[in-house]
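Please examine the sequence and the model shown below before reading on.

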Amino acid sequence: MLEIKDVSAWYGESRIIPSLSMNVPAGEIVCLVGRNGVGKSTSLKSIMGMVKTTSGSILLNGEEIIRKKTYERASLGIGFVPQGREIFPQLTVEENLELGLQVNGGKGKIGEEIFELFPIIKTFLKRKGGNLSGGQQQQLAIARALVSHPKILILDEPTEGIQPSIIEDIASAIQRVNSKLGITVLIVEQYLDFVLSVSNRYYVMDKGEITLSGLTKDADSELIQSKMSIG
Ligand SMILES: Nc1ncnc2c1ncn2[C@@H]1O[C@H](COP(=O)(O)OP(=O)(O)OP(=O)(O)O)[C@@H](O)[C@H]1O
Ligand SMILES: [Mg+2]
């Protein structure tokens with residue numbers, strides 16, 4: 001589904017990612033973990049075309065997208081939920097969702113499956129986004145990314161700043177997005193137990209490089225944790 005090969009990513013003159021290679025097979029849930037500041041968000045922004053990438057290849061279902069604009073990548077089927085959610089607090093929940101339709105040129109409507117996944121969103125359609133709790137805003141951000149029917153959903157730290165009781169809901173929503181809607185998922189996280197419980201495959205990043213990867217079923221979570229805490 002998504003094949004990233006030898007991608008380097010930069011902010012201005014600083015190279016944050018020297019050479020990233022990762023595979024996200026169709027139908028799977030893949031996670032990228034690592035401590036603060038190692039380059040996880042930059043990796044996702046490379047996939048979305050939001051940072052400068054000077055070399056490498058990013059294939060989406062075999063098609064090279066590395067030189068495409070962010071909106072083109074989105075319309076090819078990559079849904080992105082950024083770190084910090086970035087919903088519009090002054091707009092209603094419904095208006096926030098409608099923005100997600102822009103990916104398809106504003107065509108289509110919000111599918112009933114969105115409300116089945118997140119019943120709270122339907123209840124709160126007329127509320128301002130800013131009046132929702134952190135967990136509800138995260139659900140809204142995921143829902144907004146789903147309204148355009150992406151093939152792959154990319155989430156940047158979906159549990160950040162969310163109460164433990166709601167994290168379970170986010171986990172089950174991600175699993176249902178994958179199993180019921182058939183959408184491939186790539187999650188960046190620091191909360192290891194959470195991502196290992198939902199993913200099939202993991203990548204550990206340190207200082208812009210992948211230091212460990214494998215299938216989650218074979219994962220040694222203590223080893224991963226140690227890789228995440230080495231300074
Ligand atoms: N807009 C920017 N301009 C310059 N440098 C940046 C910018 N954004 C991030 N960086 C730097 O790039 C490096 C990687 O940042 P990135 O946000 O990708 O890390 P991260 O793994 O997502 O961290 P976190 O877990 O805190 O979200 C850091 O050293 C950071 O200071
Ligand atoms: Mg980040």
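In which sense, right-handed or left-handed, does α3 pass α6? The crossing of these two helices is right-handed, a term applied when the near helix is turned clockwise from the far one by less than a right angle, anticlockwise being left-handed. This is a predicted model, in which local features need pLDDT of at least 70 and side-chain atom pairs count only at pLDDT 80 or more, while totals for chains, interfaces and linings use all residues. Residues are numbered from 1 along each chain as its sequence is written, chains are lettered from A and ligands numbered from 1 in the order in which they are written, and side-chain values use heavy atoms, without hydrogens and water.

Two packed helices are described by the angle between their axes and the distance between the axes. Here the axes of α3 and helix α6 (residues 134-146) cross at roughly 35 degrees and come within 7 Å. Axes are lines fitted to C-alpha atoms over the stretch in contact, with angles from 0 to 180 degrees between N-to-C directions; helices are DSSP runs of H or I with at least four residues, and strands are runs of E with at least two, numbered from the N terminus. Val93, Asn96, Leu97 and Gly100 of α3 meet Leu140, Ala143 and Arg144 of α6, where contact means heavy atoms within 4.5 Å.

Leu97 also belongs to the largest nonpolar core, which has 46 residues, and is listed with Leu146, Leu153 and Ile224 as having the most contacts inside it. Such a core is a set of buried Ala, Val, Leu, Ile, Met, Phe, Trp, Tyr and Cys residues joined through side-chain atoms within 4.5 Å; buried means under 20% relative accessible area, exposed over 50%, and partly exposed in between (1.4 Å probe, protein chains only). Beyond its neighbours within four places in sequence, Ile224 touches Val33, Leu192, Leu196, Tyr202, Val204, Leu212 and Ala219. A second, separate core of 28 residues includes Met48, Ile66, Phe80 and Met205.

Met48 is also one of the buried residues of α1, a helix in which eight of nine residues are buried. Gly49 follows α1 with a positive phi near 75 degrees.

The magnesium ion (ligand 2) has Ser41 (OG) and Gln83 (OE1) as protein donors, 2.0 to 2.2 Å away; donors are N, O and S atoms within 2.8 Å of the metal (3.2 Å for Na, K and Ca), and sites may look incomplete because water is not among the atoms. Ser41 is buried, at 17% relative accessible area, whereas Gln83 is partly exposed, at 30%.

Finally, Asp218 lies in the loop between β10 (209-215) and α9 (221-229). Asp218 is exposed because its relative accessible area is 53%.
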